[in-house]
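Please look over the sequence and the model first.

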Amino acid sequence: MLELKEISFYANERKILENVTYNFEEGKSYAVLGNNGVGKSSLSKIIMGLEGYKNKHGGLLYFNNIDITEMSVSERAKLGITMAWQEPVRFEGIGVKDYLTLGGKYKKTEKELTDILKEVGLNPFYLHRNVDKTLSGGERKRIEMASILILKPKLVILDEPDSGIDMMSNAIIENVINKTKANGGTTISITHREEIALIADKALLLCGGKIHKEGDPEVVSFVYKSMCDTCSHINAPIEDIEVNLK
Ligand SMILES: Nc1ncnc2c1ncn2[C@@H]1O[C@H](COP(=O)(O)OP(=O)(O)OP(=O)(O)O)[C@@H](O)[C@H]1O
């Protein structure tokens, strides 16, 4: 599905990512863990093809065997690649209904839309609100989760899906991840939280510009908690530890 081949990224001549190679599989959920500044968001932006990252990194990206390295954000979006931002955008004057249906592109009845709002913990009244600053951060995040349920992306990056939102229950995030998987989509959650990592099928721990550990989320979270929480050598991994979860 998404293949990263030797992705490197430098910011102000400082190495952020170094030859990151990984294959994200179709219909699976992933969590990317790592301390502040290890390059999780940079990797997401490289996958999305954002300005300042596309053509500024080394290596290649393949999506379903198509080389997307040179593709723009919108070309990647047409292939089904999307991202739910840590801090969701606001669009002054755009109604929730138009936002969710992309201005009517997705044909949905009022009932279908209100059912989806219910899935993310919002009552039908929100369909008639605007996606502007009058919505709270948590409400915007829920609406963004609802848009993923409608969009059914092939690949979605969830950037800190639970950040700053005390009332966003893990169950809602888990539901979005599971529904995306049921449609054959892949999710990549960028997170610091073990609870979110444990929802995933696989976890990756970034450190020192590389994937320091990958595999069972329980094992990777344990390594993250044991090593990274206390690490005083930012981006310089220390020797691996033995993991015995029994
Ligand atoms: N375009 C850029 N220009 C300059 N520095 C950048 C750029 N993009 C990223 N960086 C730097 O690269 C490092 C990695 O940033 P990134 O946002 O990817 O980390 P992160 O793992 O997502 O961190 P956090 O958990 O704090 O969100 C940081 O030191 C950041 O300041």
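The points below cover the ligand surroundings, the nonpolar core and the strands.

This is a predicted model, in which local features need pLDDT of at least 70, side-chain atom pairs count only at pLDDT 80 or more, and totals for chains, interfaces and linings use all residues. Residues are numbered from 1 along each chain as its sequence is written.

**Ligand surroundings**

- The residues around the ligand are A11, N12, I16, G34, N36, G37, V38, G39, K40, S41, S42 and G52; a residue is near a molecule if its C-beta atom, placed from the backbone, lies within 6 Å of it.
- Helix α1 (residues 40-48) gives the largest share of this shell, three residues; helices (H or I, at least four residues) and strands (E, at least two) are DSSP runs, numbered from the N terminus.
- By class, the shell holds three nonpolar, eight polar and one charged residues. Here Ala, Val, Leu, Ile, Met, Phe, Trp, Tyr, Cys and Pro count as nonpolar, Asp, Glu, Lys and Arg as charged, and the others, Gly among them, as polar.

**Nonpolar core**

- The largest nonpolar core has 59 residues, of which A31, V32, L33, A203, L204 and L205 touch the most other members. Such a core is a set of buried Ala, Val, Leu, Ile, Met, Phe, Trp, Tyr and Cys residues joined through C-beta atoms within 7 Å, and buried means that 20 or more other C-beta atoms, placed from the backbone, lie within 10 Å of the residue's own.
- Strand β9 (residues 202-207) supplies the largest share of this core, five residues.
- Beyond its neighbours within four places in sequence, A203 is in contact (C-beta atoms, placed from the backbone, within 7 Å) with residues including Y30, A31, L33 and V220.

**Antiparallel strands**

- Strands β1 (residues 2-11) and β2 (residues 14-24) pair in the antiparallel sense over seven bridges; two strands pair if DSSP finds at least two bridges between them.
- β1 and β2 form a hairpin with two residues between them, and N12 in the turn has a positive phi of about 50°.
- β1 also runs antiparallel to strand β4 (residues 57-63), joined by six bridges, with S8 opposite G58.

**Open sheet**

- Six strands form an open sheet with mixed pairing, in the order β6-β7-β8-β3-β9-β10.
- β6 (81-84) and β10 (210-215) stand at the edges with a single partner strand each, so one side of each has no neighbour in the sheet.
- Strand β3 (residues 29-33) and β9 pair in the parallel sense over four bridges, and Y30 stands opposite K202 in β9.

Methods:
Buried ≥ 20, exposed ≤ 12 C-beta atoms within 10 Å, placed from the backbone. Contact = placed C-beta atoms within 7 Å.
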